[in-house]
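Here is a brief report on one protein chain. Keep the sequence and the 3D view side by side as you read.

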Amino acid sequence: MQKKIFDNSEKAFKLKSDKELNKSIFMFRLMSRQWMVSAGTWLTNFSLKFKLPVKPIIRNTIFDQFCGGETSKECVPVIQKYYQHKVFTVFDYASEIREKSDAELEKDIEDQLELANFALEQGEAIPFLAIKPTQLGSFNTWAKVNAKEKLTPTEQKSWEGIRNRVDRLCKHGHDIGLRIMVDAEEFWIQTAVDDLIEEMMEKYNKEKIVVYSTVQCYRWDRPEYMMNLLKKAKAKGFKIGMKLVRGAYMEKENARAEKMGYPTPICKSKKETDDVFNSVLKFCLNNIEDISVYIGTHNEESSYLAMEIMQQKGIAKNDKRVWFSQLYGMSDHITFNLADNGYNSCKYMPFGKVDEVIPYLIRRAEENSSVKGQTGRELSLLLEEKERRKNAK
Ligand SMILES: Cc1cc2nc3c(=O)[nH]c(=O)nc-3n(C[C@H](O)[C@H](O)[C@H](O)COP(=O)(O)OP(=O)(O)OC[C@H]3O[C@@H](n4cnc5c(N)ncnc54)[C@H](O)[C@@H]3O)c2cc1C
């Protein structure tokens, strides 16, 4: 039986001052009201569209909760503080502006290469750089390649640009010794993403694991996908780097499938998603010689399960083939208690200009608007810590 470690609020929030603790309590209380999140989302979009001066309000509230800063440099003090407490950081430029010009995309990739160098300068504190496929090229091009549609000459050029940028980033990671993590997005671009990242794994994951892809376990087809990927990796002689998540686009995926009349790729229930997540997790840990796994979850049961399997299989807590990770601003009780117990524990640290990270912030607010789930747990631990500090004075 795995020892329960996530209830320790003192360790979980040791980096938060009383003021920061109160601010987090305020934020999670606000988000726990679904109507506040809906109204806030509407107001934010409206205000940004009509250029009303709301950025300072966003910056001091939800942005501060879920983003490390507006630039990579702004994140450094937090990153170093985390590292002193054995928590690693994954740099995640969270801009979600889609459909950029070629010149803008080229500028972005140069920035990403520089960011990789900057990450490396921070020493071991930042072992990964994360990137979204749609930061590397047009969503429409990804979608057309995914659908195996014939590309126009302009689209062909756009696709070549994407391939080139992905390759440059992975090669750079390989050359300087920084892991590159590619996020997963919508189902209708994901096969094209999976195929290209597999190519990169084949190229750069021979003697060490540099390139990581992402598997969204709310998709019922993912266990079979993982089995086939392992067969390919063994046949072609490369290692797999894989981030496991449940998936962030469930409502959008179900709505699109219904609208367009195809079977939804999403599991029928939360329980089914949990089962897929846990079975893919077991599969990865059972094949640790070939798969390095990055467990991206705020789910305590799945985290305990991973710890239990590691113990059963004799995998060291600090084995660099197993990473645990939560998002910045969420589930510090998991991150800090895992780190304190010797596991490789990471925070995904998004940064970017306030107006560019709004879609990311909205996803986080929506995800945290259910008091029944993780928010209730988060809030109760924050309140418990406030009480503990009051009694300790
Ligand atoms: C480090 C990190 C990196 C991430 N990167 C990505 C990424 O690249 N791509 C991405 O899509 N997401 C990503 N996410 C977000 C992730 O997919 C989840 O949205 C989020 O973490 C919540 O899932 P959970 O496992 O933490 O918690 P839980 O609360 O246990 O699970 C909630 C999730 O379960 C699923 N679910 C809920 N209700 C149902 C239902 N009725 N039927 C079926 N499934 C249901 C949904 O996926 C929902 O998000 C990342 C998360 C983390 C922590």
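## Surface, fold and cores

The accessible surface of the protein comes to about 17900 Å², and 56% of that area belongs to carbon and sulfur atoms. This is a predicted model, and every value here is computed from it.

**Overall build.** The protein contains 16 helices and 8 strands. Its radius of gyration is 21 Å, close to the 21 Å that the globule rule gives for 393 residues, so the protein is as compact as a globular protein of that length. The C-alpha trace spans about 65 × 60 × 45 Å along its principal axes. Buried residues account for 55% of the 393 residues. Take the contacts between residues at least 6 apart in sequence: 80% of them join residues at least 24 apart.

**Charge.** The side chains include 63 positive and 57 negative ones. The centres of these two sets lie 2 Å apart.

**Nonpolar cores.** In soluble globular proteins, nonpolar side chains tend to be buried together. Here the largest nonpolar core has 83 residues. Phe-91, Ile-240, Met-242, Leu-244, Leu-285, Val-322 and Phe-324 have the most contacts inside it. Helix H9 (residues 187-204) supplies the largest share of this core, 9 residues. Another core, of 38 residues, lies apart from it; Phe-13, Val-357, Tyr-360 and Ala-365 are among its members.

What does Leu-244 contact, leaving aside its neighbours within four places in sequence? Its partners are Val-215, Phe-277, Val-280, Leu-281, Cys-284, Val-293, Tyr-294, Ile-295 and Gly-296.

| Residue | Relative accessible area | Class |
|---|---|---|
| Lys-86 | 49% | partly exposed |
| Lys-148 | 69% | exposed |
| Val-210 | 4% | buried |
| Glu-308 | 27% | partly exposed |
| Glu-385 | 1% | buried |

Start with the two lysines. Most residues other than glycine have a negative phi. Lys-86 has a positive phi of about 65 degrees although it is not a glycine. Lys-86 sits in the loop between helix H5 (72-84) and strand E1 (87-93). Lys-148 also has a positive phi, near 55 degrees. Lys-148 lies in the loop between helix H7 (139-146) and helix H8 (153-176).

Is Glu-385 buried or exposed? Glu-385 counts as buried, because its relative accessibility is 1% and the cut-off for buried is under 20%. This glutamate belongs to helix H16 (residues 374-392). Beyond its neighbours within four places in sequence, Glu-385 is in contact with Ser-9, Glu-10, Phe-13 and Leu-21. Phe-13 is also one of the residues of the 38-residue core.

Glu-308 is found in helix H13 (residues 300-313). At 27% relative accessibility, Glu-308 is partly exposed.

Val-210 lies in the loop between H9 and strand E4 (211-216), and Val-210 is buried at 4% relative accessibility. Setting aside neighbours within four places in sequence, Val-210 contacts Cys-170, Gly-173, His-174, Leu-178, Arg-179, Ile-180, Tyr-204 and Asn-205. Val-210 and Phe-118 are 92 residues apart along the chain, and their C-alpha atoms are separated by 17 Å.

How values were computed. Residues numbered from 1 in each chain as written. Predicted model: local features only at pLDDT ≥ 70, side-chain atom pairs only at ≥ 80, totals over all residues. Heavy atoms only, no water. Helix = DSSP H or I, 4+ residues; strand = E, 2+ residues; numbered from the N terminus. Rg over C-alpha atoms; globule rule 2.2 N^0.38 Å. Buried < 20%, exposed > 50% of the residue type's maximum accessible area, 1.4 Å probe, protein only. Contact = heavy atoms within 4.5 Å. Areas by Shrake-Rupley, 256 points an atom, 1.4 Å probe, with all protein chains shown as cover. Lys, Arg positive; Asp, Glu negative; His and termini not counted. Charge placed at Lys NZ, Arg CZ, Asp CG, Glu CD. Core = buried A, V, L, I, M, F, W, Y, C linked by side-chain atoms within 4.5 Å.
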